[in-house]
Amino acid sequence: MRVTKLCQSKDIVTINGMFPGPVVYAQEDDRVIVRVTNETPHNATIHWHGVRQMLSCWSDGPAYITQCPIQAGQTFTYEFTMFKQKGTLLWHAHVSWLRGTVYGAIVVYPKTGVPYPFPHPYEEHILIFGEYWNKDLRKLEKQVLSSGGGAPPTNAYTINGHPGPRFNCSSNDVYRIQVVPGKRYLLRLIHAGLNMENFFSIANHKMTIVEADGEYTKPFTVDRVMLGPGQTLNVLVETDQPIGTYDMAMGPYMSARNVPFQNISAIARFQYDGATTNALAQPAQLPRFNDNLVVKKGMDGLRSLNATHLPLEIDTNLFFTIGLNVEQCHSSNPNKTCQGPNGGVFAASMNNVSFNRPAVSLLQAYYDKIQGHFTDDFPGVPLKVFDYVNGAPNNSPNDTQSLNGTRVFVVDYGARVQLVLQDTGTVTTENHPIHLHGYSFYVVGHGTGNYDPRTAKLNLVDPPYMNTIGVPVGGWAAIRFIADNPGVWFMHCHLEVHMSWGLAMAFIVKNGNGPLETLPHPPADLPKC
Ligand code: C2O
């Protein structure tokens, strides 16, 4: 589809000619069937982010993990159940950087007759945050992969595809929500951006968070929120202010020392009935771009309404370091022109293993026992302990080389898993929004510096149940889940450029013994590589 934004026209890939794409509406326990036909010349897949895909791993969507891409002209039908799930989630493309324009909302209502656990809103609205580039996204990805350098900063942030008035020729490209005074609104906030975490606030209005990543939370009232790519929040907003027009602003959260980024914000409007469109809007206050305290308070305040599946005991105890390094140019990166800092290349890794994309899908290779596409020796603890023992962030200029590989970690069916994610922050200091496919997990703890099991305080009462956790800059987060969904499940940083650098791994969760604990057969129309 041809779009003109910021005074430039370009072709973007869309679903059904819509940008953002169509909303997938469902009810809890509904069967969802989506036929995807690829009318572009390039590869495509769709991932249903946050849908736990109970026993439907083949429909998860990440390219080369659970399926081969849908090639030009091919059709693939995704089919899954919203098993015991409701709330706000998102779908997005999961190949190359295609999700930069191919994304949309998933709204799952409770079953008929089941009310929300909070006062019923007068109306609901969806706000999807995105990033917009004037350049072609495939070129951007290629540039990152071949140069070994960073991603160029985005040209604009967007809310529901609109940048708002602060950019080049965008004064009329503004999204508006029209509201009635004296009512309660539910806003479904979705972060579909590629490479940046963002703050969001509404001028003069408070937001009460009632759901995070599609799970109810204890109500928590704040002035501003921070979302990373892949995260969703439902917030209640009261229209209790004088009749007028109020800005809704979305701008960067970047606790960086030396990363180039644009300190710009997308603006949408929250407009009361009776307000004149041309009157000056009240400006929204965003936190300082590196305000870690706001982010920490936001994380501390998220509490599950009911933490019913929280494992109190652990069978599998894992510790993964997250490393983002500049490596010297060497033979294991022969395709790169080494234009990263100091003539090196960026490499990102978990437990020192930088993820290499396999040539067939890992799920297919696992299911059909095809040898040679992965090894099952992903380390449960870091290979090189000195990466983090000196205290995070550890800004050593030349980190040790990470290993390249397609390694998976195998988990027994039903295991109660605890995973501590430790950021080692060797070159930049930036949160990593880590996303796990196939599961939600309880975020039982987080903190700055190095994780220490003797002093770490864990919340084993009401931790939030999420699918993407922003691992704090130079800090850690501990998550727990029960491995009750067999399959191959990708885990990666949801900053797209970090995934390109290899910040990813996969779990294989083995079959259980019962018929309802066993992977189904692949669908007949599953694409081939
Ligand atoms: Cu939202 Cu693997 O992604």
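Reader: Gly-474, buried or exposed?
Author: Gly-474 counts as buried because it has 24 C-beta neighbours inside 10 Å. The definition asks for 20 or more other C-beta atoms within 10 Å of a residue's own, with 12 or fewer for exposed and partly exposed in between; C-beta atoms are placed from the backbone. This is a predicted model, where local features need pLDDT of at least 70, side-chain atom pairs count only at pLDDT 80 or more, and totals for chains, interfaces and linings use all residues. Residues are numbered from 1 along each chain as its sequence is written.

Reader: Where does Gly-474 sit?
Author: In the loop between β29 (468–471) and β30 (475–482). Strands here are DSSP runs of E, at least two residues, and helices are runs of H or I, at least four, numbered from the N terminus.

Reader: How far is Gly-474 from His-373?
Author: They are 33 Å apart in space, C-alpha to C-alpha, and 101 residues apart in sequence.

Reader: Switching to helices. Which residues of α1 are buried?
Author: In α1 (residues 137–147), Leu-137, Leu-140 and Val-144 are buried. They lie on the same side of α1, because they cover an arc of only 60 degrees around the axis, taking directions from the helix axis to the C-beta atoms.

Reader: Why would that spacing line up?
Author: An α-helix has 3.6 residues a turn, so residues three or four places apart point the same way.

Reader: What covers them?
Author: The cover over the buried residues of α1 includes α5 (496–500), where contact means C-beta atoms, placed from the backbone, within 7 Å. Just after α1, Gly-148 has a positive phi of about 75 degrees.

Reader: How is β11 joined to β19?
Author: Four bridges join β11 to β19 (residues 266–272), and the two run parallel. Ile-177 has Phe-270 in β19 as its bridge partner.

Reader: And the core: which residues have the most contacts inside the largest one?
Author: Val-235, Ile-479 and Ala-506, in a nonpolar core of 142 residues. Such a core is a set of buried Ala, Val, Leu, Ile, Met, Phe, Trp, Tyr and Cys residues joined through C-beta atoms within 7 Å. Not counting residues up to four places away in sequence, Ala-506 touches several residues, including Ile-65, Leu-362 and Trp-489.

Terms used. Two residues are in contact if their C-beta atoms, placed from the backbone, lie within 7 Å. Two strands pair if DSSP finds at least two bridges between them.
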